[in-house]
Amino acid sequence: MKIDELQSIARTVRARIISNSHLTQTPHLGSCLSCVDILVAAYFHGLRIDPRNSTDPTRDRFILSKGHGVAALFQVLALRGFYPESLLDSYGQDGGIFAEHPPAPGHLPGIEAATGSLGHGLPMGLGMALAARIQKRSYKVIALLSDGECNEGSVWEAAMMAAAQQVDNLLVIVDFNKWQATGRSEDILGQNSFADKWRAFGWETHEMDGNDMGQSMEALSRIPSESGKPVAVVAHTVTGKGVSFMEDDNN
């Protein structure tokens, strides 16, 4: 698809997230809106997937490690054809099939890992990427993390192992919207010079505007890396992106 087509899909996704959040009275709206462009670029451009065969062993894997952003992922998966959009009216409701964090694999098509307890997505993604090497498969693994999630030590344990094993089919994108639950990320745990931290752990590291569709598309083409290293992309985003009075406002 062309960039303008993907941008149109992203606008639709944002509108549906806002409408569904209001309908179901569910939270994490700002964090969902910040990562929409990355998700749309992945599912409509960068991933080798087939909604009609969601368990194909050769498929690319995408892990939403920031599980609290799943409302955005559900909308993208619905538009991509994994299930009817109308089903999302039950999101977050008693008896519904869509919980407020990603469910266990096999519960819904397109979901690779149950996340939400932060710090788990990258370790699981590393395991999947290593499995591809062992099984001699060519699929790639992408994990989308939040900046607050990188407070977790398990993220950096996995980062060290991925670099040591030269897992070049693994891509981490960090949704760096500069906010955590209670304040600015740089104030809570000193996340300035964030890209340098990934470089220090042995990753090929890039920065981008994560709300720019073209840059998001380009980031997905960086694996397998020519450097033989895992790839980290620090995506500078805006919480609440797309709604003027919500942008960069943690309330």
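The crossing of α1 and α4 is right-handed, meaning that the near helix is turned clockwise from the far one by less than a right angle. This is a predicted model, in which local features need pLDDT of at least 70, side-chain atom pairs count only at pLDDT 80 or more, and totals for chains, interfaces and linings use all residues. Residues are numbered from 1 along each chain as its sequence is written, and side-chain values use heavy atoms, with hydrogens and water left out.

- The contact (heavy atoms within 4.5 Å) is made on the α1 side by residues including Ile9, Val13 and Ile17, and on the α4 side by residues including Ala72, Val76 and Leu79.
- By class, this contact of α1 with α4 has seven nonpolar, three polar and one charged residues.

**Cavities**
- Three cavities of 30 Å³ or more are found in a search of the whole structure, a cavity being a set of points on a 1 Å grid where a 1.4 Å probe fits but cannot get out.
- The largest cavity holds about 90 Å³ of space, and of the 13 residues that line it (an atom within 4 Å of a point), Ile49, Asp60, Phe82, Gly110 and Glu112 are the closest to its centre.
- The lining of the second largest cavity, which holds about 50 Å³, draws its largest share, three residues, from α1, and has six nonpolar, four polar and no charged residues.

Methods. Helix = DSSP H or I, 4+ residues; strand = E, 2+ residues; numbered from the N terminus. Nonpolar A, V, L, I, M, F, W, Y, C, P; charged D, E, K, R; others polar. 1 Å grid on protein atoms, 1.4 Å probe; cavity = no way out; pocket = protein on both sides within 12 Å on 5 of 7 lines; lining within 4 Å. Points joined across faces, edges and corners; volume = space filled by probe spheres on them.
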